[in-house]
Structures are given as C-alpha cells and as structure tokens.
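Here's a quick briefing to read with the structure open beside you. Grab a viewer and follow along topic by topic.

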Amino acid sequence: EGLILINTEGAIIKVNKAFCQMTGYSEEELIGLTPPFPHWPEDSVSEVQEIFQNELTGNLNESFELTFQRKNGELFPAIIKPRSVKNMEGQILYMFKTVRDISEQRQYENNLLQAKKNAEAANKAKSEFLANMSHEIRTPLNGVIGFTDLLMKTELNAFQKEYMQTVFQSANSLLDIINDILDFSKIEAGKLELSITKVDILELMGQITDMVRPQIHKKGLEMLLDIPINCPRFIWVDGMRLRQILVNLLSNAIKFTKSGEIELRVKVLEEVNPQATKLSFSIRDTGIGIAPENQQKIFEAFSQEDASTTRRFGGTGLGLSISNNLLKLMDTHLRLKSQVGEGSTFYFEIELPSEKGESEQWDIETIKKILVVDDNENNLRIVKDMLSKFDIEVQLVQNGFDALGKLQKGERFDVIFMDYHMPIMDGIATVRSIRQVLNISAEEQSVIFLHSSMDDEELRKIFKELGVIQYLAKPLQINTLFRTLHKLKNPAMDALPQETVQEIDTNPIIATPTVLIVDDNHVNLLLAKSLVNFLLKDVNIIQANDGKEAIDMYLQHKPTLILMDIQMPEMNGYEASEAIRVLEKGKNVPIIALTAGTVKGERERCLEAGMNDYLSKPIVSEDLGAALKKWLLQTEILVKDTNIQSVENADIQIKHFDKEFLLERIHQDTDLLQVILEEGRKYLGNIWSVLYEQVKNEDWKSIHQTAHQLKGVSLSSCFPRLAELASEIEDLEEYEKNNIDRLIHSLEIEIEVVMGLIADELVR
C-alpha cells in the first residue's frame, strides 16, 4: 500500500516507495508540494480539497474511494484510509493516508459482471430454445395425436383399431417424455415457480385416483384412498404441481407393482394453528422394492435403480428428480421406505395454510349397523375410519362365507358393502347366495357393491338382477360413500322453494356459428378444421395463415369464435388478438389460444392479450369439444345435443344438467323429474333479478345468502356448473367487485343455458 504524510498546511512531507511506483512520480518530485497535487485529476481537485478541510476539523472518513492519476496520464481507482497524529492537547500535527490501487479488482469485477450478463443471455437463449423446441416438437405430435384420435372414432376393424391405439399410446408416451425434459430444464434454469391457490383436498385426490384408475384396473391391482376424517377440506398449495407429483409417484408404483395394492394416503401430523396444518402425503405399493444402496440414487436425474430398469419398465428417469425439485420449492422433500420384494412407500411432510370448511350434511341417521365384506384388510380399515364420525356399528369380514354365516344366524344390517373381487367366493356369488339360498330379498337387505371399474355392462345387468341399485368404484371417496348412503335411505328429494314468479322466455338463439381457425402450419389447420367439423354438425369454417390475415378475415366475416395459434410469422397470436380487441365495437368474440408452448405464464399472457381461453397442443376432441360448448353457449348460440356428436368417455352436456344422476336419485320417476324441473325453472326465473339488485346495492350479506341458497337448489336439481359458480361466489371472503362482476356475468349466462335445457326437457 502507498503511504502519504501531509502537514496541516497540506504539504507532502513524506511518501513511501509503493506510492511512487503506483503513481510514477519520484519522492523528490512530490515532497514539499502543496495542493493541487499532480496525482489528482483536474476534475477531482475541489472534491479532494473539501475532504482535506473536513479532515483538519477531525471529521475523518473510515475509508473512501478516489480516482488517482499516474504521471503518464493514466487514471486508476484507489481506496484511501485517512489517519491523523495529534499532540497531548488533541491538536492535529500531521495526517497520513494509505492508498491501495484497486484497478485489478475493478477489472475482475467488471469481468464478473460481463460474465454474469453473458450467462443470463445464454440462459435466456436456452429458455427460448426450449420454448421453440417445445413448439417445434409438439407441432408434428399435434398432428399425430389429433388425427389418430379422430381416426379411432371411425369404423375400423379389430386389427386397425389395435394398431391405431398403439400409435396413439406411443405418441402420448413421447409427449410425456418431452414434458419431463422440459420441466427438468425449467427447474434447472430456476424458471419454474409455484402458483398458490385454494384447493379442495377431497376433489384433488378424487381427480388423481380417477387419472390412474384405468392403469390400476388394467393390471388387476387394488387401489386404496385413505383420507382421515380430521383432515382439513381446503389447503393453499399449487394444486397442479401437487397433482403432478402424486400422479408421478402413483404411476411409478403401478409400473413397478405386479400384484397387490397401491395406497394413496393423507395423514394429519399436526394442527399447527386453526389456519395451518402439517400433513403427510404417501404412496405405498407392494411392488419390487428398492435395494438400500440404490435408494438415494433414484432421486438423481436420469438415474434408475439399475441399468436394466429403463429397458424393462421404460421412462426417462426424471420423474422422481422433478417431483423432488418441485417439493423443494414447497420447502419439503421426498422420503422413502422400502424393502426388496416387499414394496416401497414414498412420502413427504408439508405444512400448509388450511381451512376446515363446512362438512356436507348427510341424512343417514337411520343407518345404525353396516357390514363390510372385503378380503383387503387395509380397505376394511379405511371404510371403518370413514364411518367412525357417525354413531354406526361397523362389522368387518374378509370373505363371503363369514358374511353368509352372520346372515344365516339372523343378523341383519342396514347396508352391506360387498367387494366384487374376493378369492374362492366373489361378491356376485355371495349376494346370489343371500338372495337364492338364504332367501333374503333386496327389500330385507340392501347391498352396495365395491368394484374397481363400473364400465362393464354385463356386471350392471347382474347387479340389477340381484336387486343391487347402488355400487361404488374403488378407491372409495368419503363424499361418494356418504352420498350413496344418503341416496339409499332418502330417495325423495328435499322440497324446492315454492315461489310464485313471473315466467320469462330465455331460450337461447339457435344459429350456425362461423369459426375462424388461425395457424401457419398446414397440418394443424387441417386437424383443427377436422375436429371442429367432427364436433359441430352445422358450422361455417374460415381459415387464416397468420395474424395479419386473421384480422382481415375477422373484418370480412365477423366470426362467432376464433381458434388462434400463438407462434406465427408476420404477426403472432398475441398481436392479432390485441388488434381484434381494438377493432371490436361492443362485441367480444371468444378467442381460444392454441399453443404448443409450455413456458410459465403463457396462459396469463394469452388472457392479457385479450384471449378468452387456452388449449395446449396436442389438441384432442374432448378438450376442444368442451371449449366449443363453453364459449358457443356463452355467445348465446345453442349447440344442440345432435350437433355435438358423442365423444368416447366425454359427455359435455353433463356439465350443465346431469339428467341421468337426477333420475337415479329419484328412482327413474319421470313425473317427479318434470315437477322438479318446473320448480327449478320458476326459481331460476326469479333468482337473477334478486341477485342483480343485491349486486347493484353491494349488499354482500344478502349476496352470500342468495348464492348459498342457489347452490343448494342447483345441487338438488343436478345443475353442476351452476352449483359451482354459486359456490365460488359463496366462498368469496369479502365483496370483491372484479371477482363478483366476473362471476355474476358467468352466472347470468349459465342460468340462461340451464333455463334453455329445462325448456327443452319440459316439452319432450
């Protein structure tokens, strides 16, 4: 470090060799000089003199940075540390300063800064590359999956159908692999963030088990769902990511389990406070298990237990790594208990904001005694735990013989839960013996079947023959269980509000929609056009190859609905949507984004650009059909049942009115159906004007009460979407104008739709 000694006049009285080497001046050139010194740049003279005057008064800085000038004119930054020497009376005799040249440090920092900028640019380029690759890979996959889906709905012979099913499954497997790699890349780049929302645990667990039920049934495994009675109803979490984690763990469990059972369990570890609960989520299987030396390895990216696992079972080896990284974002991690040949349990513990929620009220007080017949001990335990909140005597047996023995001794039960799959004597044989051998009729003894799949038409015929009108799909869900018991003992519906109201005509207008399809890819255009033609019997389709052409087509044809691709040359989908919104005058044509991208925030960006909805490629008929039904109805165009052709495993109409479920509840009494719908029509005809006045007056308490009443009527009358909207309004914690306006608008449209469906039903 350089050293300068200065007297109180400001003259240099001593410098060391380091300072001379630093500045290029000799000691002889510097000693005796007074300010301004030659090593000060001209533009810093006044600043340095001010510092010197402050130092004379004893106002010393700890250290500061100053620019110096070498003899050759070169400038360099330096850190100055001033000190002073005082006499016994405290007067300053002279001052000295240490000077350290930090030009190399500054160069190093600048290099680091530039390297950081380069790394950020590279990371951005990587993200853009991934987004583009996602789009480029998904575009041909969109054609493969979409056209295969369409082709499978045509007349094919058995071999052709099998071949097409293989193509369809292979394409979807490839899509899963691509999604895994993209998720992993986004996590690595730190671009993946959580979206926290209020989630219904019962609903989420039901969705998850529904997703894996076909795989479970195909392998002949037992699926168990265990959610305790004391579990909170709602949690605040990223529902999509939690579902992704649990589905991944369940899929792995199914993949590596040849026989036995899979259990998805939620456990309450601790009620931290009334607004937070510590929960455990676990997936247990009876599969091949994992050797102790490999239990850590499987959490590493691209790793599996041994090199042959990928060949035997497939997969990228990314699933567990992605799940664990997602859990790290939630401040937790995956844990594992496993023994080779005995199975594995993957679990994680997490503390989440929670809410108990209002439990649904089931009128099952008349049920006092239940017999559960199942060869699976864990399922017996779960059913008993579910029923534990009621004062019900629950008896458990593990085979049909023991069940027959109890009945033969004269025991009777309000309900028997009968598993279908049991060794030696299955559920069908047991119930047949109850009816024919013991001569106990359906009126004397109610039976509810438990089965992993209810798609078998032959089974339904047998159930009907045996007087079994209720059956439950495994894994059992608590709400479904109690709803079934409620229906069993309460066939008549609660009376609807009897109000005298003015009848109004709200039949939606019937018209032929014009759909504009915008995409720069010929295959995508052809697929979208084919899907729309397949789903809508009477439709006028126009097409555009880019955003600019889309605007021209919009001005020329004024379409009813637009399907808009995002990535296009000339003008992309965002720009085209924004331009269309500017050109609109009072009319808001629904625009549905079609995108192969997976970048976080793309959905939000689509909505910000003025689009109404978002479909991710590859697009299949079920998803597009639901979107068309939703948005064509919202534009007051009724798409009749005959216009939306049947799609395998998808009934879009059920979203608005579940007629079959209502008929099931009232034991197929069509006269009662007409009465219920007539009362529903009267009620809905009046409720809108009541709700409108309450919103106008911002009467939050009345809005809340009306929404609660509307939800109850909608559930009783089997209007699911209407009940959902009413529930959303009821769940708002306070009057939020934007949310209220949005929900009321959707409610108005849905009431019109339901009124139209009621009108159609009443004239049949």
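**Helix 7 against helix 9**

Arg241, Gln244, Ile245, Asn248, Leu249 and Asn252 on the helix 7 side make contact with Gly319, Leu320, Ile322, Ser323, Leu326 and Leu327 on the helix 9 side. By type, the residues of this contact split into 6 nonpolar, 5 polar and 1 charged. Keep in mind that this is a predicted model.

- Helix 7 covers residues 239–255 and helix 9 covers residues 319–329; their axes lie 10 Å apart, at an angle of about 150 degrees.
- Angles over 145 degrees count as roughly antiparallel, so that is how helix 7 and helix 9 run relative to each other.
- The crossing of helix 7 past helix 9 is left-handed.

**Helix 6 against helix 7**

- Helix 7 also packs with helix 6 (residues 201–219): the two axes come within 10 Å and cross at roughly 20 degrees.
- Angles under 35 degrees count as roughly parallel, and helix 6 and helix 7 are therefore roughly parallel to each other.
- Here the crossing is right-handed, with helix 6 passing helix 7.
- On the helix 6 side, the contact residues are Leu204, Met205, Gln207, Ile208, Met211, Val212, Gln215, Ile216 and Lys219.
- Their counterparts in helix 7 are Gly239, Leu242, Arg243, Leu246, Val247, Leu250, Ser251, Ile254 and Lys255.
- Sorted by type, the residues of the contact between helix 6 and helix 7 come out as 11 nonpolar, 4 polar and 3 charged.

- Now for the open sheet: 5 strands in the order 2-1-5-4-3, with antiparallel pairing.
- From one strand to the next, the twist averages 35 degrees.
- Helix 3 (residues 45–56) packs on this sheet and touches strand 1 (2–7), strand 3, strand 4 and strand 5.
- The direction of helix 3 makes about 135 degrees with that of strand 5.

**Pairings and hairpins**

- Strand 4 (residues 75–86) and strand 5 (residues 92–101) are antiparallel partners over 9 bridges.
- Val85 has Tyr94 in strand 5 as its bridge partner, and Ile79 stands opposite Arg100, also in strand 5.
- The hairpin of strand 4 and strand 5 has 5 residues between the strands, and Gly90 takes a positive phi near 90 degrees there.
- Strand 3 and strand 4 pair in the antiparallel sense too, over 6 bridges, with Phe68 opposite Phe76 in strand 4.
- In the hairpin of strand 3 and strand 4, there are 5 residues between the strands, and Gly73 is the one with a positive phi near 95 degrees.

- The protein chain has a mean pLDDT of 79, with 84% of its residues at 70 or more.
- Among the elements of the chain, strand 10 (residues 276–285) has the highest mean pLDDT, at 95, while helix 8 (residues 309–313) has the lowest, at 46.
- The pLDDT is below 50 over residues 306–314, a stretch that has 10 contacts in the model beyond near neighbours in sequence.
- Residues 492–510 also stay under 50, and the model gives this stretch 39 contacts beyond four places in sequence.

Key: Residues numbered from 1 in each chain as written. Predicted model: local features only at pLDDT ≥ 70, side-chain atom pairs only at ≥ 80, totals over all residues. Heavy atoms only, no water. Axes fitted to C-alpha atoms, helices over the stretch in contact; angles between N-to-C directions. Helix = DSSP H or I, 4+ residues; strand = E, 2+ residues; numbered from the N terminus. Parallel < 35°, antiparallel > 145°, perpendicular 65-115°, else oblique. Left-handed = near helix turned anticlockwise from the far one by under 90°. Contact = heavy atoms within 4.5 Å. Nonpolar A, V, L, I, M, F, W, Y, C, P; charged D, E, K, R; others polar. pLDDT = per-residue confidence, 0-100. Pairing = 2+ DSSP bridges.
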